[in-house]
Amino acid sequence: MDYSKEMIKENLLILHEKISLAEKKSGRKPESVKLQAVSKFHPFTSVLGAMECGQILFGENRIQEAVQKFIQVQTVSNRYELHIIGSLQRNKVKHAVKIATCIESVDRIELLAEIEKQCAEINKSIAVLFEFHTGEESKSGFGTIEALDGALRYCAEGNAPHVIPKGFMTMAPFTDDESAVRASFALMRNTADLMKKNYPQFDLSELSMGMSGDFEIAIEEGSTQVRIGTAIFGERDYSAK
Ligand SMILES: *Cc1c(COP(=O)(O)O)cnc(C)c1O
């Protein structure tokens, strides 16, 4: 069942309150954490409902679905930002760079090269986050600090002038063990701090971490952007597509 606009509005209000509270609890500045609405598996009408409540930033993980949905959204409004948060195949990059303002799931140098190539073709610069593997189960992201450093070095050496490094993204393990989740986010933050030191020429201030089940811990551990789907739009119906 798709949520009504009223339910989406209520959920967004509750989330903004919880985010404020978590900011306060951890001594963070008010409004230092952005809320990204992850609309994957939810229809165009849910996106519009959120937009009508003032939501600007959206996340999608599958390119074809994102293109179809946001072409419809564009007929109503262009006032949105779309981030790609799912693992990205090379042959989808061409479409991804056309519709997205940021690709958060950069996990290999070949992907950077393809993003550069496709952006150069349409004369567009695009923000990227480097995904770092910090949790046990998830397979995505750069697996080692060396590999992550290699990707930043690739950019620093001028190989991808249309790519603007903005920071990092990670997913914590799906577990009730709060200390494991916290350790995952802390590893991301510490690794990001190291990269900021190694590459002062880039503004690597973005730390995209935290989902419906763990965003408060992520904020306590330094997240600047939480990616939330279920707590806004409801459960995803994977059988529908
Ligand atoms: C689906 C997804 C989310 C949102 O997950 P919820 O638990 O529904 O909030 C966040 N980040 C990524 C990378 C996702 O794929």
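A word on terms before the helices: axes are lines fitted to C-alpha atoms, for helices over the stretch in contact, and angles run from 0 to 180 degrees between N-to-C directions. Helices (H or I, at least four residues) and strands (E, at least two) are DSSP runs, numbered from the N terminus. This is a predicted model, in which local features need pLDDT of at least 70 and side-chain atom pairs count only at pLDDT 80 or more, while totals for chains, interfaces and linings use all residues. Residues are numbered from 1 along each chain as its sequence is written, and side-chain values use heavy atoms, with hydrogens and water left out.

First, the helix pair. Helix 6, residues 145-156, packs with helix 7, residues 178-198, at an angle of about 40°, and their axes are 11 Å apart. The two are therefore oblique to each other; angles under 35 degrees count as roughly parallel, over 145 as roughly antiparallel, 65 to 115 as roughly perpendicular and the rest as oblique. Their crossing is right-handed, that is, the near helix is turned clockwise from the far one by less than a right angle. Helix 6 makes the contact (heavy atoms within 4.5 Å) through I145, L148, D149 and L152, and helix 7 through T191, L194, M195 and N198.

Next, two loop residues. E31 has a phi near 65°, a positive value in a residue other than glycine. Its loop runs between helix 1 (5-25) and strand 1 (34-38). N123 is also non-glycine with positive phi, near 55°, and sits in the loop between helix 5 (109-122) and strand 5 (126-131). Are these residues buried or exposed? Buried means under 20% relative accessible area, exposed over 50%, partly exposed in between, with a 1.4 Å probe and protein chains only. E31 is exposed at 75%, and N123 is exposed at 67%.

Now the strands. In strand 4, residues 102-106, five of five residues are buried. Strand 3, residues 81-84, runs parallel to strand 4, and two bridges join them. H83 has C102 of strand 4 as its bridge partner.

Last, the glycine. G167 belongs to strand 6, residues 163-169, and is buried, with a relative accessible area of 0%. What does G167 contact, leaving aside neighbours within four places in sequence? The list is V128, L129, F130, L204 and E206. From G167 to A231, 64 residues apart along the chain, the C-alpha separation is 25 Å.

Conventions
Two strands pair if DSSP finds at least two bridges between them.
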